[in-house]
Amino acid sequence: MPFARLATATTPTCHIGLGLAAIGRPGYINLGREEDLGEDRSVETLRARTHELLDAAYAQGVRYFDVARSYGRSEEFLADWLTARPGFDDIVVGSKWGYTYTADWTTDAQQHEVKDHTLATYERQRAESAQLLGDRLDLYQIHSVTPDSPALTDKELHARLAEAAAQGTTIGFSTSGPAQADAVRAALAVTVDGEPLFRTVQSTYNILETSAAPALAEAHDAGLTVIVKEGMANGRLAAPHAPDALKSVAEETSLGCDAVALAMILREPWAGVVLSGAATVNQLTSNLHAAVVDLEEDQIARLAALAEEPHAYWAKRSSLPWH
């Protein structure tokens with residue numbers, strides 16, 4: 001298992017990863033992105049920004065990096081960085097297939113990505129990922145599985161994924177939407193020749209959206225590595241937009257709202273890797289302070305009270321504009 005590499009790490013930040021969803025393409029739904037990225041979002045500008053972030057993350061102990069076929073040129077940017085640093089052999093790289101990027105490097109496209117969980121899409125995108133990342137790709141995940149996804153029932157697809165697993169690639173899945181818990185439990189039941197197919201799960205979990213927690217605990221107990229995405233709720237938990245209770249706790253700890261929000265996830269015993277989606281080095285450094293946040297019981301209770309009903313949370317997320 002590639003994640004065994006993280007288990008031997010000694011840095012406090014080894015359980016925080018860096019996701020490139022926000023900087024591998026010019027448009028995304030994170031709040032405050034106009035200030036983070038500015039107007040120049042050319043390919044070369046975002047490539048340089050990505051490399052700067054990867055350098056800073058590695059220097060501060062981060063060892064898991066997360067990309068996807070639909071994150072613009074994220075795989076390409078990461079591959080370039082890895083090629084220039086062949087000695088960095090303690091890194092775990094995860095990517096995802098199932099969405100095709102369709103925005104053509106614009107921020108105002110009618111449709112930024114198209115979802116398709118068919119075998120044909122897997123074969124096409126697996127070849128594309130392999131061309132860029134080669135044997136540096138440790139984990140390949142089905143992108144945003146929902147309970148009705150054909151990827152949960154397609155036996156031919158399962159067989160092909162099992163072949164990839166037999167060749168050394170860890171197979172996982174990510175989830176999204178208000179029924180994440182149902183999707184996780186359905187995926188846990190998928191087997192090939194009597195053996196569980198999936199070894200990792202990546203789900204949205206944060207102070208505002210906690211509904212997947214019981215299912216993620218079950219996945220952890222079943223031996224899967226749990227990766228948490230959107231810990232900042234697409235910027236809703238960042239300082240300018242954070243709820244008052246989060247701002248108060250952050251002030252009490254003398255750390256940022258982001259560090260406190262991510263620390264709430266890190267304290268979960270089932271959380272294997274928590275992703276930072278930072279777009280700047282300052283954001284990343286602040287995020288990484290989550291590893292040393294020490295919350296008191298009353299602070300935890302105040303933050304836990306912020307949880308929203310899942311359908312309300314996901315409706316709000318769907319309404320966020322692409323910036």
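## Phe65 and its contacts

Leaving aside its neighbours within four places in sequence, Phe65 is in contact (heavy atoms within 4.5 Å) with Leu18, Leu54, Ala57, Tyr58, Leu78, Trp81, Ile91, Val92, Val93 and Gly94. Ring pairs also link Phe65 with Tyr58, Trp81 and Phe88 into a cluster. Rings of Phe, Tyr and Trp (its six-membered ring) pair if their centres lie within 6.5 Å; planes under 30 degrees apart count as stacked, over 60 as edge-to-face and the rest as tilted.

This is a predicted model, in which local features need pLDDT of at least 70 and side-chain atom pairs count only at pLDDT 80 or more, while totals for chains, interfaces and linings use all residues. Residues are numbered from 1 along each chain as its sequence is written, and side-chain values use heavy atoms, with hydrogens and water left out.

## Nonpolar cores

A nonpolar core is a set of buried Ala, Val, Leu, Ile, Met, Phe, Trp, Tyr and Cys residues joined through side-chain atoms within 4.5 Å. Buried means under 20% relative accessible area, exposed over 50%, and partly exposed in between (1.4 Å probe, protein chains only). The largest core has 87 residues, and those touching the most other members are Leu18, Phe65, Leu78, Phe173, Phe198, Leu246 and Leu303. Helix H10 (residues 257-266) supplies the largest share of this core, 8 residues. Another core, of 8 residues, lies apart from it and includes Leu6, Tyr64, Leu139 and Val273. In soluble globular proteins, nonpolar side chains tend to be buried together.

## The barrel

Helices (H or I, at least four residues) and strands (E, at least two) are DSSP runs, numbered from the N terminus. Two strands pair if DSSP finds at least two bridges between them. With parallel pairing, 8 strands form a closed barrel in the order S1-S2-S3-S6-S7-S10-S11-S12. From one strand to the next, the twist averages 25°; axes are lines fitted to C-alpha atoms, for helices over the stretch in contact, and angles run from 0 to 180 degrees between N-to-C directions.

Strands S7 (residues 170-175) and S10 (residues 200-204) run parallel and are joined by 3 bridges. Ser174 stands opposite Gln202 in S10. Helix H7 (residues 180-188) packs on the sheet and touches strand S6 (139-145), S7 and S10, with its direction at about 160° to that of S7.

## Strand S11

In strand S11 (residues 225-229), 5 of the 5 residues are buried. Thr225, Ile227 and Lys229 point one way, Val226 and Val228 the other. In a regular strand the side chains alternate between the two faces of the sheet.

S11 pairs with S10 in the parallel sense over 5 bridges, and Val228 in S11 stands opposite Ser203. The chain passes from S10 through helix H8 (residues 213-221) to S11 in a right-handed β-α-β crossover, meaning that, with the strands pointing away from the viewer, the path from the first strand over the helix to the second runs clockwise. S11 also pairs in the parallel sense with strand S12 (residues 273-276), over 2 bridges, where Val274 is the bridge partner of Val228.

## Aromatic pairs

The structure holds 12 aromatic pairs. Tyr122 and Tyr140 form a tilted one, 6.3 Å centre to centre with 55° between the planes. Tyr122 is in helix H5 (residues 119-133) and Tyr140 in strand S6, 18 residues apart. Both Tyr122 and Tyr140 are buried.

The rings of Phe173 and Phe198 have centres 5.0 Å apart and planes at 65°, so this pair is edge-to-face. Phe173 lies in strand S7 and Phe198 in the loop between strand S9 (195-196) and S10, so the pair ties together parts 25 residues apart in sequence. Phe173 and Phe198 are both buried.
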